[in-house]
Amino acid sequence: KMRREFSANVSHELKTPITSISGYAEMMMTGMVKRDDVPKLSEKIYNESQRLIALIDDIIRLSRLDEGSVGNHAAEVNLLAASRRVADRLEHKAESFRVCVTVSGEDVMILGDEQLVDEMIANLCDNAIKYNRPGGRVCIWVGRRGGAPYLTVSDDGIGIEPEHMERIFERFYRIDKSRSRETGGTGLGLSIVKHSAAWHKATVKAESTPGKGTRISVIFDGKGGE
């Protein structure tokens, strides 16, 4: 049943950008568009194609996580260094949303897969940036609590209503579909976080206050990937 539901969701999610691209292209091909409007439609086609590429990449990544065909190279990973790499990579995006990203804490080593860790942090930060407010902040903190490696991504953005909290890690679940579409979200980011954390034998905890922000923590056992 879950596989059927996933296939149905994938079909729907793929059809939306493809339909848009086809419609815009047909308008240009049949001469229904004024010459001055061509650049605007071309930009829309480009944006929809980028959304489609991101969606396909996330579907492939999630399928491989399901199959266990990723994350086969366990090695020491520095969570603080990984967080700084991600923050640097997302700097331009954060600036475009007028959001500041900071990294703090201490060097904490885990046994894990560096690519999976980077993607996990990137998905958490990407959400925190997109669902923030102009002038908002995203704070990544790395440390230990109770002896366990701990990574937290918090923001002071729009927050999440309590009735949505139990479902935010579900595939294709979106709280605000229109905002997700505007920001290019695929609806799979937090599901990838959950699966990547599970591979590392880590747990994910989400806390949020509507209008004040969200904090998502990943708690490792120190032996992830073994």
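The tour goes from the whole chain to the sheet, then to its helices and the nonpolar cores.

**Before starting.** This is a predicted model, in which local features need pLDDT of at least 70 and side-chain atom pairs count only at pLDDT 80 or more, while totals for chains, interfaces and linings use all residues. Residues are numbered from 1 along each chain as its sequence is written, and side-chain values use heavy atoms, with hydrogens and water left out.

**Whole protein.** Colour by secondary structure: there are 7 helices and 7 strands. Helices (H or I, at least four residues) and strands (E, at least two) are DSSP runs, numbered from the N terminus. Along the sequence the pattern reads α-α-β-α-α-β-β-α-β-β-α-α-β-β. Of the 226 residues, 41% count as buried; buried means under 20% relative accessible area, exposed over 50%, and partly exposed in between (1.4 Å probe, protein chains only). Among contacts between residues at least 6 apart in sequence, 73% join residues at least 24 apart, where contact means heavy atoms within 4.5 Å.

**The sheet.** Select β2, β4, β5, β7 and β6, in that order: these 5 strands form an open sheet with mixed pairing. Two strands pair if DSSP finds at least two bridges between them. At the edges are β2 (100-105) and β6 (203-209), each pairing on one side only. From one strand to the next, the twist averages 15°. Zoom in on β2 and β4, which run parallel and are joined by 6 bridges. Here Val101 stands opposite Val138 in β4.

**A separate pair of strands.** Select β1 (residues 75-78) and β3, which run antiparallel and are joined by 4 bridges. Asn78 has Met109 as its bridge partner in β3. Strand β3 (residues 109-112) has Ile110 and Gly112 on a covered face, and Met109 and Leu111 on an uncovered one.

**α5 against α7.** Now show helix α7 (residues 189-199) with helix α5 (residues 114-130): their axes come within 9 Å and cross at roughly 145°. Which residues of α5 meet α7? They are Leu116, Met120, Asn123, Leu124 and Asn127, and the α7 residues they meet include Leu190, Ile192, Val193 and Trp199.

**The largest nonpolar core.** A nonpolar core is a set of buried Ala, Val, Leu, Ile, Met, Phe, Trp, Tyr and Cys residues joined through side-chain atoms within 4.5 Å. The largest one has 34 residues, of which Leu79, Ile121, Leu124, Leu151, Val153 and Phe220 touch the most other members. α3 (79-89), α5, β4 (137-145), β5 (148-155), α7 and β7 (213-219) each supply at least two residues. With 8 residues, α5 gives the most. Another core, of 8 residues, lies apart from this one and has Leu55, Ile59, Leu65 and Leu116 among its members.

**Last stop: Ser83.** Select Ser83 in helix α3. Is Ser83 buried or exposed? Ser83 is buried, with a relative accessible area of 0%. Leaving aside neighbours within four places in sequence, Ser83 is in contact with Val103, Ile121, Ile140, Val142 and Leu151.

Note on methods
Axes are lines fitted to C-alpha atoms, for helices over the stretch in contact, and angles run from 0 to 180 degrees between N-to-C directions.
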